[in-house]
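Thanks for making time this morning. I would like to walk you through one protein chain, beginning with the whole and ending with a single residue.

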Amino acid sequence: MTTRIDADYLVVGAGATGMAFTDSLLGHTEDRSTKVALVDRRQGVGGHWLEAYSFVRLHQSSSFYGVASTLLGGGRIQEHGPEAGLHERADQPTICAYYADVLDRMVSSGRVEHYPGCEYVGDGTFVSRVSGRRYEVPESCRIVDAHYLAPDIPAETPPYFAVADGARVIPVNDLVRIDHAPSEYVVVGSGKTATDAIVWLLGRGVDPDDVCWVRPREPWMLNRDRIQPEPEIFLGMVADLLSSAAAADSLDDYFLRLEDSGTMLRIDRSLTPTMAKGPTLGSWELELLRTISRVVRLGHLREVRPGRLEFAEGTINVAADALVVNCAADGLKNKPPVPIWRDSAITLQPVRAGFPCLGAAVTGYVEATRASDADKNAVCAPSPYGNTLTDWVQMTLLGTRNAGVLAAEPDIQAWLQRVPLNPARIPPGHDRSPALDDALDRIMSDTAPGLAGLARLARVPPPTG
């Protein structure tokens, strides 16, 4: 049996980007009768946050996450602990509750219908994973693909390495369920999930010498102190990105300059990282991570056996009862950017470097306020995620260019200044200061040479105009 749905938009994916797009679309479309069908294979909204490990927090300020109409976390400042003075970072239960509240408001407006536990099968059709019922939307309904860059997470992704009989391997989610301490923990992964797992273990009294860190690549990470909503701080960081790009003569030199400016962090200062996905890290976390002395750099893990790990570049012994914690999954997809507006779908992707919720919100605003797809694509171009150093520079280059294009549209610029998701905004009524004036002056003088430097480092054509 097939049920016909009356909808103008079918948003496939009710995670962070799908929710941000829907919120902005409905908030700015002139036709107040516009209806959205929100579909997700999970039984709620919030995407991967519904399956995330319980001790996860946003790696950046809550203000930069969520939907444009509703500030996540209320803009609160942390008053206690190692991050006192920095903006709050929401935990998993808070984020899930936030999205549930946003959905309730959307549905109560009469303009959104939510279809949980459903799989989109193409051609405007989706199927309930519970009942098998099929649903379809009219041909005129616009499909919004909010799943193109959906992250993989360890809880839902089998390990990329083989696991022999008798070996103990768990996803990071199961750390909180341990009821018998092993003599050694083996944490597998180079990114934020691995750093979270290690910080959690050390915070619960595990000796650093009882942790083995399998780190296939060395990561550059952003200093959380500099990714804050205060415009003096964030725009000062942007100025450093541009001036460092203008002066750098190589990729490594660029990142070392960013380290000198306090923007980038690396765990081992004796090694030059090759990975730059761009999560933020606190200085207190960095200190803890540096206490782990047993770090394995033998390439990707191929197989876990009782008492032994086999890698592409060698084999090591571990404790017979070692517990391997899998923190490796493709959390930031590096699919090729495609035009956001095409005949087949609106494909949500980042627009401003490193801020997916902002990109989706901007896309929803542009969809609601521009008539033709050509005009929409002209002001709203995709920016990829980072991975290698070259990827990160390309992301920064495209995101900076996009910021300039968006700023040239008066209505978009005025809206962006009111939206906390925008890290580069100067809120209305914000007091000017010498630090802010200095950051703005530096950005003004360094934008052209900085963009040229980024293009040179990324090995792409320099900007024109």
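What percentage of the 465 residues in the protein chain is buried? Buried residues account for 54% of them, where buried means under 20% relative accessible area, with exposed over 50% and partly exposed in between, using a 1.4 Å probe and protein chains only. Please keep in mind that this is a predicted model, in which local features need pLDDT of at least 70 and side-chain atom pairs count only at pLDDT 80 or more, while totals for chains, interfaces and linings use all residues. Residues are numbered from 1 along each chain as its sequence is written, and side-chain values use heavy atoms, with hydrogens and water left out.

Turning to the fold, the protein chain has 11 helices and 23 strands, these being DSSP runs numbered from the N terminus, with helices (H or I) of at least four residues and strands (E) of at least two. Its radius of gyration is 23 Å, close to the 23 Å that the globule rule gives for 465 residues, so the chain is as compact as a globular protein of that length; the radius is taken over C-alpha atoms, and the rule is 2.2 Å times the number of residues to the power 0.38. Of the contacts (heavy atoms within 4.5 Å) between residues at least 6 apart in sequence, 73% join residues at least 24 apart.

Beyond its neighbours within four places in sequence, H59 is in contact with R89, K192, R224, G278, P279 and T280. H59 and G278 are 219 residues apart in sequence, yet their C-alpha atoms lie 9.9 Å apart in space.
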